[in-house]
Amino acid sequence: MDKTTNDFHRLVVDNVPLIDVRAPVEFAAGAFPTAVNLPLMNDEERRLVGIRYKEQGPAAAVALGHELVCGAVKEQRVAAWKRFLDEHPAARIYCFRGGLRSQLSQEWAEAATRREILRLEGGYKAFRNYLIDRLDPGTLNSVPLVLGGRTGAGKTRLLQRLGNAIDLEALAHHRGSSFGRFLQPQPTQIAFENALAWALIRHEAAGHALAVVEDEGRHIGRRYIPTALMEHFAQADVVLLETPLPERVRITFAEYVTSAQARFCAAFGPAGPERWLADLQESVARIRKRLGGERFKRVNQLLLAAHQRQRETGDPAAHRRWIELLLVEYYDPMYDYQLDSKKQSIVFRGGTADVIDYLTERGCTK
């Protein structure tokens with residue numbers, strides 16, 4: 001009886017939980033959004049089996065694998081699968097190519113749960129190939145629409161209010177600017193591509209005719225949007241979100257000062273404020289050449305003065321000064337230059353309420 005599945009579309013649409021039995025080093029290189037790593041072999045065991053395979057062939061490698069994963073080690077790993085399967089009965093199992101590792105894991109998991117468990121036909125490799133194919137713009141039915149606007153305009157906040165948006169920055173775990181890093185690292189490029197394809201498939205399955213994405217460069221932090229997809233987005237209509245400068249300062253302040261400081265304090269305790277300052281100074285240093293020496297000095301002076309005032313009084317309001325300087329003297333000129341090349345694509349511009357009304361008329365859902 002065949003106990004495999006290759007209905008990858010359904011796995012994505014239904015967000016089916018997955019058990020990845022590859023070694024942790026393989027999982028870390030790239031995995032699927034709903035996958036959890038419960039390996040059959042750890043990294044060292046996999047390394048030893050690989051050496052045995054090269055030196056003595058597949059039979060000897062399999063024999064060593066059984067020696068390494070037996071007794072209490074086997075019991076612990078099977079117990080981990082059983083716990084996950086008890087909580088997620090629809091879960092599927094996979095290894096790299098759908099071969100011996102997932103077959104053995106499937107057999108042991110079925111014995112532990114006393115029910116049938118499916119594994120992915122072709123394993124990780126086949127599923128990954130399916131997702132890569134779905135990054136081809138030719139497979140997409142929805143029409144892209146790009147949401148542009150100056151830094152701090154609130155584009156991400158607006159996207160989060162739409163039912164048919166694809167949040168590229170959330171998928172890349174980066175806010176898309178020199179100051180856009182989060183405490184947690186970005187996903188690998190492979191994991192980003194998997195998540196992006198996943199989002200596109202689910203977006204299409206929901207029946208959306210329009211896909212709203214934020215205006216991005218090809219790179220979002222260290223991750224990049226595949227070339228063909230980036231070119232597809234570049235040909236789309238552009239809607240500009242226009243937000244007054246004081247509101248942009250407020251939004252940027254809330255994101256990069258208030259919220260960021262709270263995250264650093266949650267992660268590092270009393271050392272949080274200083275760690276936040278060091279991270280921000282590093283971000284400013286990354287754009288030093290583009291800022292120019294004089295502006296770089298002014299930003300740093302305002303930043304340090306605001307930090308000192310907050311430390312003395314508890315009031316962070318002075319941080320608005322360096323934020324406004326960066327918006328007006330650094331980000332806005334870049335935006336004006338980039339916008340010049342998109343003039344022909346702009347179909348609407350306005351404030352938040354007007355943009356939402358326009359997008360609603362174009363078929364966006366809230």
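This is a predicted model: local features need pLDDT of at least 70, side-chain atom pairs count only at pLDDT 80 or more; totals for chains, interfaces and linings use all residues.
User: How are two packed helices described?

Analyst: Two packed helices are described by the angle between their axes and the distance between the axes. In this model, helix α3 (residues 43-56) and helix α4 (residues 58-68) pack at about 155°, and their axes are 7 Å apart.

User: Are α3 and α4 roughly parallel or roughly antiparallel to each other?

Analyst: An angle over 145 degrees counts as roughly antiparallel. The helices α3 and α4 are therefore roughly antiparallel. Their crossing is right-handed.

User: Which residues make the contact of α3 and α4?

Analyst: From α3 come Glu-45, Leu-48, Val-49, Arg-52, Tyr-53 and Gln-56. From α4 come Pro-58, Ala-60, Ala-61, Leu-64, Gly-65 and Leu-68. By type, the residues of this contact divide into 8 nonpolar, 2 polar and 2 charged.

User: What is the idea behind a salt bridge, and how many salt bridges does a search of the whole structure find?

Analyst: Side chains of opposite charge can pair when their charged atoms come close. A search of the whole structure finds 23 salt bridges. One of them joins the side chains of Glu-45 and Arg-77, with an N to O distance of 2.6 Å. Glu-45 lies in helix α3 and Arg-77 in helix α5 (residues 71-87), so this pair ties together parts that are 32 residues apart in sequence.

User: Are Glu-45 and Arg-77 buried or exposed?

Analyst: A residue counts as buried when its relative accessible area is under 20%. Glu-45 has 10%, so Glu-45 is buried. Arg-77 has 17%, so Arg-77 is buried.

User: Which residue forms a salt bridge with Arg-181?

Analyst: Glu-282 does, and the closest N and O atoms are 3.3 Å apart. The pair links distant parts of the chain, 101 residues apart. Glu-282 is in helix α13 (residues 272-286), while Arg-181 is in the loop between α9 (168-172) and α10 (189-205). Glu-282 is partly exposed at 41% relative accessible area, and Arg-181 is partly exposed at 32%.

User: Which residue is paired with Arg-298 in a salt bridge?

Analyst: Arg-298 pairs with Glu-329, the closest N and O atoms being 2.9 Å apart. Arg-298 belongs to helix α15 (residues 293-313) and Glu-329 to helix α16 (residues 319-340), so parts 31 residues apart in sequence are tied together. Arg-298 is partly exposed, with a relative accessible area of 28%. Glu-329 is partly exposed as well, with 29%.

User: Which residues do salt bridges that share partners join into one network?

Analyst: Arg-150, Arg-248, Asp-332 and Asp-336 are joined in this way.

User: Now the backbone angles. Where is Asn-15 placed, and what is its phi?

Analyst: Asn-15 sits in the loop between α1 (8-13) and β2 (18-20). Its phi is near 50°, a positive value in a residue other than glycine. Asn-15 is partly exposed, with a relative accessible area of 33%.

User: What is the phi of Arg-114?

Analyst: Arg-114 has a positive phi of about 60°, although it is not a glycine. Arg-114 is found in the loop between α6 (100-113) and β5 (119-120). A relative accessible area over 50% counts as exposed. Arg-114 has 78%, so Arg-114 is exposed.

Note on methods
Residues are numbered from 1 along each chain as its sequence is written. Side-chain values use heavy atoms; hydrogens and water are left out. Axes are lines fitted to C-alpha atoms, for helices over the stretch in contact, and angles run from 0 to 180 degrees between N-to-C directions. Helices (H or I, at least four residues) and strands (E, at least two) are DSSP runs, numbered from the N terminus. Angles under 35 degrees count as roughly parallel, over 145 as roughly antiparallel, 65 to 115 as roughly perpendicular and the rest as oblique. A crossing is left-handed if the near helix is turned anticlockwise from the far one by less than a right angle, and right-handed if clockwise. Contact means heavy atoms within 4.5 Å. Ala, Val, Leu, Ile, Met, Phe, Trp, Tyr, Cys and Pro count as nonpolar, Asp, Glu, Lys and Arg as charged, and the others, Gly among them, as polar. A salt bridge is a side-chain nitrogen of Lys or Arg within 4 Å of a carboxyl oxygen of Asp or Glu. Buried means under 20% relative accessible area, exposed over 50%, partly exposed in between (1.4 Å probe, protein chains only).
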